[in-house]
Amino acid sequence: MKKKGVADLFLLFLMLYLLLPIVATALYAFATEWNRTVLPEGLTFKWLAILFQDVEFIQAFGRSVLLSGSAVVLAFFFVVPAIFVIVLYFPKYEKWMQTIVVLVYAFPGVILAVGLIRTYTKLGIPMILAVLGVYIISIFPYIYQGTRNSLRNVNAKQLLDAAELLGASKRQAFVKVLLPAIYPGLFVGALLSFSILFGEFVLINLVVGSRFETVQIYLMEKLSTSGHIASAVVFVYLVLMGILTLAISVLTKQSKGLVKS
């Protein structure tokens, strides 16, 4: 009982330690003044209203969505089919895919940014396209693991063989049988990849900077001018990440339900 009480106390302390900065930031986004008291002296939607009336924020938000979404869509068009083929028909090459997954984590953002600048500026390629390419590679581990696990959970090879045995063509078996069975897992990978790219700051800031201002760069600029606006940006970001997390949780439960059934 004593050990359980100590564990519960430690867990409570850990939750407070992690949640307190988030709650304080969210409160500051709605605070009229917060200088002399423990809690805000008043609450207002003024800062959120100013934020959403700021054209620069709307444009930065749109750029973040466009860049992150484009990377995810391109990855699913080019990377996911390759994963399908290798996992289902050439499993002996999976070791190379797993090596690539490890290599993705081997390059810090700062070193990668220097390499991109030195390489692609000489070739005349727009740096935003170079960043987009790196984004596609950086989410490879999440897409690979999500796709691979989804295929294995539904026994994809046996599922395709059974569909073809019943008269379906390879295309029909893939589109009408396999994809509906694994789409929750694929969508979870897409949402997770999008959330990671949406919060990326180091690479886009070092390589492109204010020429392609994203939400993270906008937030960095506002930290030196208005703490309330910066907190409002963080609050919006947390809400978006919360929605994505909820969606991932729901889809994960759906995929588990499909596997059990």
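Arg148 forms a salt bridge with Glu94, the closest N and O atoms being 2.8 Å apart, where a salt bridge is a side-chain nitrogen of Lys or Arg within 4 Å of a carboxyl oxygen of Asp or Glu. This pair links distant parts of the chain, with Arg148 in helix H7 (residues 140-153) and Glu94 in helix H4 (residues 94-104), 54 residues apart; helices here are DSSP runs (H or I, at least four residues), numbered from the N terminus.

The model is predicted, so that local features need pLDDT of at least 70 and side-chain atom pairs count only at pLDDT 80 or more, while totals for chains, interfaces and linings use all residues. Residues are numbered from 1 along each chain as its sequence is written, and side-chain values use heavy atoms, with hydrogens and water left out.

The structure holds three salt bridges, listed below.

| Pair | N to O distance |
|---|---|
| Arg148 and Glu94 | 2.8 Å |
| Glu94 and Arg152 | 3.2 Å |
| Lys157 and Asp161 | 3.4 Å |

Glu94 counts as buried because its relative accessibility is 6%, whereas Arg152 counts as partly exposed at 47% (buried means under 20% relative accessible area, exposed over 50%, partly exposed in between, with a 1.4 Å probe and protein chains only). Lys157 and Asp161 both lie in helix H8 (residues 156-165), four residues apart, about one turn of the helix; Lys157 is partly exposed at 31%, as is Asp161 at 38%. Salt bridges that share partners join Glu94, Arg148 and Arg152 into one network.

Note on methods
Helices (H or I, at least four residues) and strands (E, at least two) are DSSP runs, numbered from the N terminus.
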